[in-house]
Number of protein chains: 2
Amino acid sequence: MIVRFEPFGVEVEAKAGDRLLDLALEAGVHINASCGGEGVCGKCRVHIEQGQVQGGLSEKISAADAEQGVRLACQSVIQEDLVVRIPVDSAMDKAGLAALASGPAKIAKLIGAEELKEQGRFQPALVKVLVSAPPPSLEDNRNDVARLLTALKAAGEHSFVFDFEAIRDLPDAWRDGDWTVTTTIMRPVDPAKGRNHVIRVEPGDTTARNLAVAIDLGTTTVWAQLIDLGSGEIIGTEGDFNEQISYGEDVISRIVYAGKPGGLEKVRQAAVRSINKVLHQLSKKTQNDLSEVSLATLAGNTTMTQLFLGVQPKYIRLEPYVPSAAYYPPIKAKEFGLELPDHVSTLVFPSVASYVGGDVVAGVMGVGMHRDEALTLFIDLGTNGEVVVGNKDWMACAAASAGPAFEGGGIKFGMRASKGAIENFSVDPFTGEPALVTVGHAKPKGICGSGLIAVVAALLMTGLIDERGHFQVDHPSDRLRVGDDGPEYVLAWAKDTAIGRDIALTEPDVDNLLRAKAAMYAAYMTLLEGVGLSIQDLERVILAGGFGQSINLERATIIGLLPEMEPERFMFVGNGSLLGARLVAMSNPLRGDVGGIVEQMTNFELSVAPGYMDNYTGSQFLPHTEAKTLFPEAYAKLEETKAAIKAAAK
Amino acid sequence: MIVRFEPFGVEVEAKAGDRLLDLALEAGVHINASCGGEGVCGKCRVHIEQGQVQGGLSEKISAADAEQGVRLACQSVIQEDLVVRIPVDSAMDKAGLAALASGPAKIAKLIGAEELKEQGRFQPALVKVLVSAPPPSLEDNRNDVARLLTALKAAGEHSFVFDFEAIRDLPDAWRDGDWTVTTTIMRPVDPAKGRNHVIRVEPGDTTARNLAVAIDLGTTTVWAQLIDLGSGEIIGTEGDFNEQISYGEDVISRIVYAGKPGGLEKVRQAAVRSINKVLHQLSKKTQNDLSEVSLATLAGNTTMTQLFLGVQPKYIRLEPYVPSAAYYPPIKAKEFGLELPDHVSTLVFPSVASYVGGDVVAGVMGVGMHRDEALTLFIDLGTNGEVVVGNKDWMACAAASAGPAFEGGGIKFGMRASKGAIENFSVDPFTGEPALVTVGHAKPKGICGSGLIAVVAALLMTGLIDERGHFQVDHPSDRLRVGDDGPEYVLAWAKDTAIGRDIALTEPDVDNLLRAKAAMYAAYMTLLEGVGLSIQDLERVILAGGFGQSINLERATIIGLLPEMEPERFMFVGNGSLLGARLVAMSNPLRGDVGGIVEQMTNFELSVAPGYMDNYTGSQFLPHTEAKTLFPEAYAKLEETKAAIKAAAK
């Protein structure tokens, strides 16, 4: 269906169920809105001229106005073609509006259980096998394990190793299950070489319940996903901040802390607590008991991995930057403090180098770069950013220390992309009045990574900040002011927030974003130069990172984070680390691919790479010091908008 | 050298350093001695008529007597030929004495490191490999494990799995050792199938220190041995009671206790405490730190094994007597509570059946039955006795519940064969006065298993107890009396003991020994009948059991514990379980043999075997109801002695 916004004449495609305010923001149509979409500020009044919306009424709208078609945009749900008129408080013309418009992010179709099934690769490492046996007698009083082996062989299973715990539980399991038990088997990576590990026995038939948890242990956030290994269904996903943040926001400060007496164990326990917290949230939200989990997979960068395992990470930080190991054996989850059953092993993703860790290996595996002909640039946007270029024949990688800005860290009112986080934004260049959309359409609490990019891009486009990230504090709007941390823009007044304080974006916040995006840009540009390629040679760019899913391509190129290329060539995969961790839980063949990826990757040390500092310094601008040549479209759009605003102001 | 005892004219071979009292007792020459050989009672006065002894003087001997050649037999050390006159308080003639005489036990030459080396089988599963590497640089900053792998390959080692702990310790080990580390590797049983496990890394060169502990977890006693895996030297051996005794003296009562809520863990912890106590004794006595231990091996009967591992043993006790498993995977010593370093794995011996456990498998392996043509009867004398018959081609086994008497358990003044335990004994049939020798020649504290057999055999020979084990309480000696537990014989008066109470042997004690020996006898006889063999078919009898080394063949046949056959065909191996545990630590090829032994053994359930009850009931006599046909020599000797005593008494 089509929605036309008047008086600008902007027409956009919409889906039934879209909210009118969200749609306007995506289309670059500004509607004042300061409560995040909760419907309480009553500012986003629009006039529905043709068609009907669902909802949109409120005590803020008088019966007479309602009769005239006045609605709150944030409460109006689209169900048919509409013509909507926006009350214009300032005088922007169509040209300016069109320039501000940007489409939604393009989400990659992620590989899932269905695709794996089609490819015959939905083969979880953990399977449950139901067996029965005749009860023992004086004539046949073989031991309980011998009885199980006979039954397993009859079920077509061969070549076993028994975990101690399975032996321990077997006597009661056989008898409580009246000589029927469910055996949980962990397959070897290579059936030709390894053996099947019997890791658990349960009385009776529990084959319907076989879960795995995939864990992404990020520097800033921890994510976990509960997976049904029978169906491949993702039962739920939960995330939270990594409590290690209290020992430092970046890996370096945590490595330093871990080097102090007792420090390593403290930092380790913080990670363990964070993971356990998320696992319990997952269990509670999805109403699944963690006792039904058979397997855990965990991906994290090299430092996160070593800190979780309690392996002293200090040599990661010291030249020549040596990690302890690429591969770790499967570890017992419980021994490392995870509140999962005794029998659960954790498969920890291997690392390539000190700053290219298991999270990147998981992401690359998850998107299938190692099986694909297409020349791909993989960008993992995160506190520790990593870039990989290559295809099924070769891969090169490099690391970038971006800092936590992309995940809402190090930002005065930064937060994760949870309820109340400002995630979309536009601003009226004349009044300085914002339109805010928050996650869950709740009162604003703070700003998340994708919101930060949206805000900075909009402020840049409207000239409220300049190319260096400086605020136009002489603007007539009192939202632009000098606060405790210097110049700032007030996103929401205290009364409109959930926290009772003004929520503002400060100049240091913008600086943090600038450094983060410059680090990422310099990383992929230097890596490409290192292998003799340019942006134009790439067949696709895959963006990973917890917040990658919600950033808007146009805004990301406007600020110079992403390179300018056809939008069709970009794909967002979201949390690549979590994706890989999930796929390994679902597919033993993919688990087998992991080692090959590690062996295939060549690591570039950017700190000693020629050109890195030039790329970094040039990118400390919005979008870049060489914007005219490197970001020609963004440059043109910024110029065009500037001119339009100037014209309208006359 | 030769020692002649007058007035009896008994001549015996002696070695320099033998004590005169011990030699007399072995020769069947009675000398009154009540303090255990400590030299304080002054009763064992003898007259040295020819030659000189070392020592033997005491304040109990006047200067004038000393001048005349009077010495204390217990303090006199032989150094040359002697003629010794015993003051005769009663009137036994030579015939009686000769009948009482019995030679020392024949000790088997145990297989040890030297034999293994000759056979090329001294190949410990645990080896230490010293490697060095160039330090990393920016040009070569591979991870620490990759660097170690290269170094190991250069040292001729291949195919690895790293234990997590080794990876964890490697970063510091490389650097603390200045790029030289000692790697502890655990070899697979089968090098063609398994991989080398790197279980530990240490900075610098520690290859000179590589220890193992072999543990025998017995129902009554726990033994441990410290072994140098470099040289094969046995550094030390220590033993102590199993604290589980407080939960019942036999396996059945412990199984029952373990079935109560929380019971299993309590019983388990008692075993763990007992082992740890012995390990610490071993460490202290030998001045070796347990941190240098790389491997532990553990053998115990099926119940002991399950209790130690915390595997519910209740189905062992209930018909049809099913154990949980034959084989257990190597377990981490520390996880099971043993106070050994993190990296130490414990190899637990597999069981054949509920009552034929890892201790028997260890013993059979230790004596090499599975590699020998000779048809052998292996008898493990212990609280849980087991018998095995066969050779390298076949083996059959059975279990006997003997009770703890052989290990000093269930006996009023019973104790382990430690300092102060009465281990040798003779008695004057007329006065009832004893000769006691204790372990360590200390004041008597109690009586150990071999002492019990010596005492009962001597009392039987002298007619102080009859064939049913009843005491001759109308004997003129006040040592034969009726005490709190019925008829008893006072071995030592309170004043002569280390415990300040009369130490006596009671009729219930004799009953316990009778039941124990009857259970063993019935077990091997029924097993032999079951496979269609008789005693005469056997090429050798191997006696195992902690106390087996010190029992005297003749006494053991007099009481009907062991069958009558040529003494040359008997071999004593002592603690077979500990022997096997030690050999497995020293020899990976022997470790590989263990599985074959388990597969080869056929278990006989004696409880349902025809003939068992007849054999048991007949053996509840001393030596047997059918003594004349089954124990003709013992029968003749008893008759002869009876007649001699009768003659002398006239």
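Pro313(A) lies in the loop of chain A that runs between helix H9 (302-309) and helix H10 (314-317).

User: Before going further with that residue, what kind of model is this?

Analyst: This is a predicted model, and everything below is computed from its atoms.

User: Is Pro313(A) buried or exposed?

Analyst: The general idea is to count neighbours, since a residue is buried if 20 or more other C-beta atoms lie within 10 Å of its own. Pro313(A) has 27 C-beta neighbours inside 10 Å and therefore counts as buried.

User: Which residues does Pro313(A) touch, leaving aside those up to four places away in sequence?

Analyst: Pro313(A) touches Ile255(A), Ala258(A), Thr303(A), Gln306(A) and Leu307(A) when residues up to four places away are not counted. One of these, Ile255(A), is 58 residues from Pro313(A) along the chain, and yet the two C-alpha atoms are separated by 6.0 Å.

User: How should I read a loop residue in the other chain, and where is Gly39(B) found?

Analyst: Gly39(B) is found in the loop of chain B between helix H1 (20-26) and strand S3 (45-50). Gly39(B) is buried, because 22 other C-beta atoms are within 10 Å. Not counting residues up to four places away in sequence, Gly39(B) touches Ser58(B), Leu72(B), Cys74(B) and Gln75(B). As for Leu543(B), which is 504 residues from Gly39(B) along the chain, the two C-alpha atoms are separated by 34 Å.

User: How do I read the packing of two helices, and what is the angle between helix H11 and helix H16 of chain A?

Analyst: One reads the angle and the distance between the axes, and then asks which residues form the contact. Helix H11 (residues 358-367) and helix H16 (residues 588-600) of chain A pack at an angle of about 120°, their axes lying 10 Å apart. That angle makes H11(A) oblique to H16(A), and H11(A) passes H16(A) in a right-handed crossing. On the H11(A) side the contact is made by Val361(A), Val364(A) and Met365(A), while H16(A) contributes Leu590(A), Asp593(A), Val594(A), Ile597(A) and Val598(A). By class, the residues of this contact of H11(A) with H16(A) divide into seven nonpolar, no polar and one charged.

User: The contact residues are spaced along each helix; why would residues three or four places apart point the same way?

Analyst: An α-helix has 3.6 residues a turn, so residues three or four places apart point the same way. In chain A, Val361(A) and Val364(A) of H11(A) are among the residues that make the contact with H16(A).

User: For a second case, which residues meet where helix H7 and helix H8 of chain B pack?

Analyst: Helix H7 (residues 251-258) and helix H8 (residues 263-286) of chain B pack at an angle of about 130°, with 7 Å between their axes, which makes H7(B) oblique to H8(B). Arg254(B), Tyr257(B) and Ala258(B) of H7(B) meet Gly263(B), Leu264(B) and Val267(B) of H8(B). The contact of H7(B) with H8(B) has four nonpolar, one polar and one charged residues.

User: Turning to the two chains together, what rotation superposes chain B on chain A?

Analyst: To relate two copies, one looks at the rotation and at any shift along its axis. Here a rotation of 180° with 0.1 Å of shift along its axis superposes chain B on chain A, with an RMSD of 0.2 Å, and that is the relation of a two-fold axis. In chain B, the C-alpha nearest the axis belongs to Lys193(B), at 4.3 Å from it. The same surface serves both copies, in that 100% of the contact residues of chain B recur in chain A.

User: How many residues does the contact take from each chain?

Analyst: The contact takes 34 residues from chain B and 35 residues from chain A. On the side of chain B that touches chain A, the elements giving two or more residues are helix H5 (144-154), strand S9 (160-162) and helix H6 (164-176) of chain B, and the largest share, six residues, comes from H6(B). By class, the residues on that side of chain B divide into 23 nonpolar, six polar and five charged.

How values were computed: Residues numbered from 1 in each chain as written. Chains lettered and ligands numbered in written order. Predicted model: local features only at pLDDT ≥ 70, side-chain atom pairs only at ≥ 80, totals over all residues. Contact = placed C-beta atoms within 7 Å. Helix = DSSP H or I, 4+ residues; strand = E, 2+ residues; numbered from the N terminus. Nonpolar A, V, L, I, M, F, W, Y, C, P; charged D, E, K, R; others polar. Axes fitted to C-alpha atoms, helices over the stretch in contact; angles between N-to-C directions. Parallel < 35°, antiparallel > 145°, perpendicular 65-115°, else oblique. Left-handed = near helix turned anticlockwise from the far one by under 90°. Least-squares fit on C-alpha atoms with pLDDT ≥ 70 in both. Buried ≥ 20, exposed ≤ 12 C-beta atoms within 10 Å, placed from the backbone.
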